[in-house]
Amino acid sequence: MTILVIARHTFKEAVRDRILYLLLFFSALSIVLARVMAVLTVGDRVKVVKDVGLASIAFFGALMAILIGTGLVYKEIEKRTIFTLISKPIRRVEFLLGKYLGLIWTLAVMLAAMTAIYLVVVFLHTFTIEFRMILAVLFIFLELILLTAVAILFSSFSTPILSSLFSLSF
């Protein structure tokens, strides 16, 4: 039960972060501009729209996971709020797992928003929706789950800059 409470508070904290909305804006912009790039290409225009859209979702989703994930535990240590949490009857594993699940929840919401924009752009370009695209987004989400775990791992014992570098190199 405490894990879900920590996850809910982590979700609320992450949603208040401005960098999240900035990355969502640039993701939406790059997905929409994929349609412009498709007009400029010589080859298959539909393939360009799909590939650029999925690449934008994967890239900006990874940036969200790394930038927010590396600062989660560090902010708690820096503000010294972790000491009041750990003094309660809560284990460290529950704390980290709650932070992890809260960030996964945040990424799921942001990925759903990016996917909705992506599906609208593809639909406006082709007037069809393929369910293989949703499957591709699901696999991108699985990739982000793993990347989030790595970011929180490095965040638990390093500064945000080093944690970001370690997570990117992973």
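Colleague: Why is the crossing of α2 with α3 called right-handed?

Modeller: α2 passes α3 in the clockwise sense, so the crossing is right-handed. This is a predicted model: local features need pLDDT of at least 70, side-chain atom pairs count only at 80 or more, and totals for chains, interfaces and linings use all residues. Residues are numbered from 1 along each chain as its sequence is written, and side-chain values use heavy atoms, without hydrogens or water.

Colleague: What makes α2 and α3 roughly antiparallel?

Modeller: Helix α2 (residues 18-40) and helix α3 (residues 45-78) pack at about 165 degrees, with axes 8 Å apart. Angles run from 0 to 180 degrees between N-to-C directions, along lines fitted to C-alpha atoms over the stretch in contact. Under 35 degrees is roughly parallel, over 145 roughly antiparallel, 65 to 115 roughly perpendicular, and the rest oblique. The α2 and α3 pair is therefore roughly antiparallel.

Colleague: What classes of residue make up the contact of α2 with α3?

Modeller: It has 19 nonpolar, 4 polar and 2 charged residues. Ala, Val, Leu, Ile, Met, Phe, Trp, Tyr, Cys and Pro count as nonpolar, Asp, Glu, Lys and Arg as charged, and the others, Gly among them, as polar.

Colleague: How do you know how α5 runs against α6?

Modeller: The axes of α5 (residues 92-126) and α6 (residues 131-155) come within 10 Å and cross at roughly 150 degrees. That makes α5 roughly antiparallel to α6. α5 also passes α6 in a right-handed crossing. Contact means heavy atoms within 4.5 Å. The residues in contact include L96, Y100, L107 and Y118 of α5 and M133, F141, L144 and I152 of α6. By class, this contact has 19 nonpolar, 2 polar and 1 charged residues.

Colleague: What lines the largest pocket?

Modeller: The pocket has a volume of about 190 Å³. Of its 13 lining residues, I6, H9, E76, L85 and K99 are the closest to its centre. α1 (2-15), α4 (82-87) and α5 each supply at least two residues of the lining. The largest share, 6 residues, comes from α1. By class, the lining has 5 nonpolar, 5 polar and 3 charged residues.

Colleague: How many helices and strands does the protein have?

Modeller: There are 7 helices and 0 strands. Helices are DSSP runs of H or I with at least four residues, and strands are runs of E with at least two, numbered from the N terminus. Along the sequence the pattern reads α-α-α-α-α-α-α. The C-alpha trace spans about 60 × 30 × 25 Å along its principal axes.

How values were computed
On a 1 Å grid over the protein atoms alone, a cavity is a set of points where a 1.4 Å probe fits but cannot get out, and a pocket is an open set with protein on both sides within 12 Å along at least five of seven lines; lining residues have an atom within 4 Å of a point. Grid points are joined across faces, edges and corners, and a volume is the space filled by probe spheres set on the points.
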